[in-house]
Amino acid sequence: MPLNDKWSQAMKTVYSCLNSIVISRRHMTGAGCNVNPLWVTPPRQPSVLKLLHRGSESSVEMHVLLLKEPREGGSGPDPYIKELASRGHKATLIPVLSFTFVSLNTLSDKLFQPEQHGGLIFTSPRAVEAVRMCLEDDERREQWNNDIKDKWNAKSIYVVGKATAALVENLGLVPLGEDTGTADVLSRLILEREDTNILPLFFPCGSIKREVLPTALRENGVPLDTLMVYQTAQHPDLEKNLKNHFTEQGVPASIAFFSPSGVKFCLETVRRLSGEQLKRIKFAAIGPTTADAMTAEGLSVSCSADKPTAEHLATGIAKALQ
């Protein structure tokens, strides 16, 4: 039989089968018939090409591990988790550090003698928390609100980080200008505004701090009164939480570090748990200081946030995971 005749015969057979199905469907869906018509005519399925096209339009959800402390105050989801979710990625937060507050009596004495200092410097939320703890007494709080905070606001109040700035404002203090982003930028701002003939700036800080700011001020003759108000240590459950996370969730697509201390305390465990898959992880840093600490440990930094905010870090991670 010629090819055209074979094709014609095949098409007649197909049309015949389709016609039988339509007739059967009409018969079974008539009055008194309880047969589900879907048994006769299956629901239409998207073509393979459409499925492939659809898959190319949507990004695959990847898992991001955030090695940071929970958000300071407020309610609702952590802003970093929220920003990553808006970009189609699931994030989990594991606390890295624990803090012990010290020297609060000395801190309180200095806070209530603003005339002895030329201004305040806050570079971490914990330092602001230490101040808040000094104001828990009702009498002290009233004195602060009625008199002391205004005396500080008449001076220079320097802040690093949006989270820190928000907590400073909750104390009734007004930070100078906009968030400076890093201690390096802050040191340049102070040197532009201050001179060597002023009272010392008061700097409550932690046990682990960069020496960039104190060194820059000291070398340029700007007096600084530093007081350690909290001690930083590894979170007691860090290793256990990391092991549980890797066991339950597997190796993350990306891991974000938020401080050189986080790199110091986490990296050995992360390497051990990741094994040969370590090279596949996209490592992210909250800023240049943390990125430098990661590089010094031999990590390849896939992205470093342009600014230390949830939006900037999430944008960098999303690009690295594409």
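Reader: Which residues does Leu313 touch, not counting residues up to four places away in sequence?

Author: A contact means heavy atoms within 4.5 Å. By that criterion, Leu313 touches Tyr80, Ala256, Phe258, Ala284, Ala285, Ile286 and Ala305. The model is a predicted one, in which local features need pLDDT of at least 70, side-chain atom pairs count only at pLDDT 80 or more, and totals for chains, interfaces and linings use all residues. Residues are numbered from 1 along each chain as its sequence is written, and side-chain values use heavy atoms, with hydrogens and water left out.

Reader: How many residues apart along the chain are Leu313 and Ala256?

Author: They are 57 residues apart along the chain, and their C-alpha atoms are separated by 8.7 Å.

Reader: Is Leu313 buried or exposed?

Author: Buried means under 20% relative accessible area, exposed over 50%, and partly exposed in between (1.4 Å probe, protein chains only). Leu313 counts as buried because its relative accessibility is 2%. Of the 322 residues of the chain, 37% count as buried.

Reader: Where is the place of Leu313?

Author: Helices (H or I, at least four residues) and strands (E, at least two) are DSSP runs, numbered from the N terminus. Leu313 lies in helix H13, residues 310-320. The chain has 13 helices and 10 strands.

Reader: Is Glu139 buried or exposed?

Author: Glu139 has a relative accessible area of 62%, and is therefore exposed. Its place is in helix H6, residues 138-153.

Reader: What share of the contacts with a separation of 6 or more do residues 24 or more positions apart account for?

Author: Such residues account for 71% of those contacts in the chain.
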